[in-house]
Amino acid sequence: MRKISYKAEQFTESVIREMTRLAAQHEAINLAQGFPNFSAPDFIKEAACRAIREDINQYEVTWGSVALREAIARNYRRFYDFQVDPELEVTVCCGATECMIASLLAVLDPGEHVIVFEPFYENYGPDAIIAGATPHFVTLDPENNFAFSREELRELCESLVCKGGVRALILNSPNNPSGKVFSTEELQWLAELAEEFDFYLITDEIYEHIIYEGLHVPIATIGDARARTITISGLSKTFSVTGWRLGYIVAPPEVTSAIRKMHDFLTVGAPAPLQAAAAVALDAPLEYYRGLSEEYRTRRDVMLNILCKVGFRAWEPKGAYYIMADISPLTQKTDVEFVKDMIRQVGVATVPGSSFFHRPERGGNLIRFAFCKTVALLEKASQRLEKL
Ligand code: PLP
């Protein structure tokens with residue numbers, strides 16, 4: 001008898017969480033997993049306490065409370081002049097993580113093809129496999145500022161035509177782990193490609209408010225792209241509440257109906273009192289959002305200086321809160337050996353770059369630092385890194 005499913009055999013456990021466990025075991029500073037070590041803002045915590053005291057403790061509307069869906073729609077209007085119908089186009093899930101799998105299950109059939117950029121957020125490959133789809137990868141080239149080859153992507157789309165075509169492309173901007181922010185021109189080109197080859201754009205914009213240059217542009221706001229775009233975001237990063245598990249999806253009404261069904265049977269609903277708090281938090285003044293990026297810019301610059309001082313070659317992120325660093329100026333070791341030794345001998349945990357690539361050799365000289373930490377902790381890490 002086979003003990004586990006074929007799907008479960010297809011992927012390993014999360015490397016990031018493995019590094020977090022190793023960090024705890026060796027009392028290393030955890031710059032591996034992307035969770036802040038500082039407090040969430042008081043206004044969101046107070047709103048959650050209030051909601052629980054007011055007995056908002058039972059199941060909410062499956063696809064999200066009215067107040068939260070309206071707040072989400074208000075924010076898309078406020079930030080991007082994007083009109084979203086909270087009744088028909090918004091679904092609240094348990095984190096952007098559930099948003100992604102619910103979306104893939106809603107639009108992909110087994111055997112269909114999905115394109116993912118590498119380096120990727122590590123859930124996308126397993127998500128595609130859980131949905132029964134086949135992921136294909138296009139590289140964001142570190143040596144070329146994480147640009148992708150348009151010829152390669154177009155050729156991939158063409159090569160899949162005879163196999164039923166591409167069904168979806170997963171996009172993540174600002175990008176984890178590279179810090180790339182796709183330019184409006186790149187987004188336009190991708191939107192046109194999606195039109196030409198008739199596929200969905202599934203866009204993870206969880207870092208939309210952590211951006212260091214220019215303004216975030218949701219691909220759904222470009223031309224007619226909204227008709228084929230599923231936009232995912234959430235509260236985890238913007239309000240430093242990764243443990244609250246709140247994310248949301250904006251998609252055309254018929255796609256939203258399908259997503260809501262998947263979401264209902266996956267998790268029924270996101271935590272009700274936290275949804276009430278999220279509805280309050282999203283209405284935070286613009287200064288809050290601007291301050292968020294500014295504070296992260298300070299942390300980014302501190303981290304970049306540290307990496308430069310130690311001798312890494314590092315790429316300046318344009319958004320999100322990670323830095324990719326090249327270890328080759330410092331070592332002959334593989335990324336995995338280097339990261340494990342650094343945890344045990346130096347006391348700083350990071351993530352091996354190969355875990356962000358389908359073709360692991362493309363990330364074999366890279367490691368990822370998460371800098372969503374207080375400057376004091378980053379400086380403590382800096383002292384330890386001097387041992388390298
Ligand atoms: N998407 C990306 C690109 C991420 O980096 C992360 C967390 O690191 C997530 C999604 C997870 O978001 P959530 O906490 O809302 O599930």
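Modeller: Two strands count as paired if DSSP finds at least two bridges between them, where strands (E, at least two residues) and helices (H or I, at least four) are DSSP runs that are numbered from the N terminus. In this structure, Pro-352 stands opposite Ile-367 in S13, and S12 and S13, which run antiparallel, are joined by two bridges. Before going further, note that this is a predicted model, in which local features need pLDDT of at least 70 and side-chain atom pairs count only at pLDDT 80 or more, whereas totals for chains, interfaces and linings use all residues. Residues are numbered from 1 along each chain as its sequence is written.

Biologist: In what order do the strands of that sheet lie, and which strands are at its edges?

Modeller: The sheet is open and has four strands in the order S9-S10-S13-S12, with antiparallel pairing. Strand S9 (313-314) and strand S12 (351-352) are the edge strands, each of them pairing on one side only.

Biologist: How should I read a helix that packs on this sheet, and what angle does H11 make with S10?

Modeller: Contact between two residues means that their C-beta atoms, placed from the backbone, lie within 7 Å, and the angles, which run from 0 to 180 degrees, are taken between the N-to-C directions of lines fitted to C-alpha atoms, for helices over the stretch in contact. Here H11 packs on the sheet and touches S9, S10 and S13, with a direction that makes about 10° with that of S10.

Biologist: What is the order of the strands in the seven-stranded sheet?

Modeller: That open sheet runs S2-S8-S7-S6-S5-S3-S4, and its pairing is mixed. Strand S2 (90-93) and strand S4 (134-139) each have a single partner strand, so one side of each is left without a neighbour in the sheet. From one strand to the next, the twist averages 20°. Within the sheet, strand S6 (residues 200-204) and strand S7 (residues 229-234) run parallel and are joined by four bridges, with Asp-204 opposite Ile-232 in S7.

Biologist: How is the chain divided into domains?

Modeller: The bounds come from an automatic or database domain assignment, which gives domain 1 (6-40 + 287-385) and domain 2 (42-282). Their centres, taken over C-alpha atoms, are 24 Å apart, and the contact takes 34 residues from domain 1 and 32 residues from domain 2. On the side of domain 1 that touches domain 2, the largest share, six residues, comes from H11, and by class that side has 20 nonpolar, eight polar and six charged residues.

Biologist: Which backbone features deserve a look in the loops?

Modeller: Most residues other than glycine have a negative phi, and most peptide bonds are trans. In this model, a cis peptide bond with omega about 0° joins Glu-118 and Pro-119, the latter lying in the loop between S3 and helix H6 (124-130). Another cis peptide bond, with omega about -10°, joins Ser-173 and Pro-174, and Pro-174 is in the loop between S5 and helix H8 (184-197). Arg-245, in the loop between S7 and S8, has a positive phi near 60°.

Conventions. Nonpolar A, V, L, I, M, F, W, Y, C, P; charged D, E, K, R; others polar.
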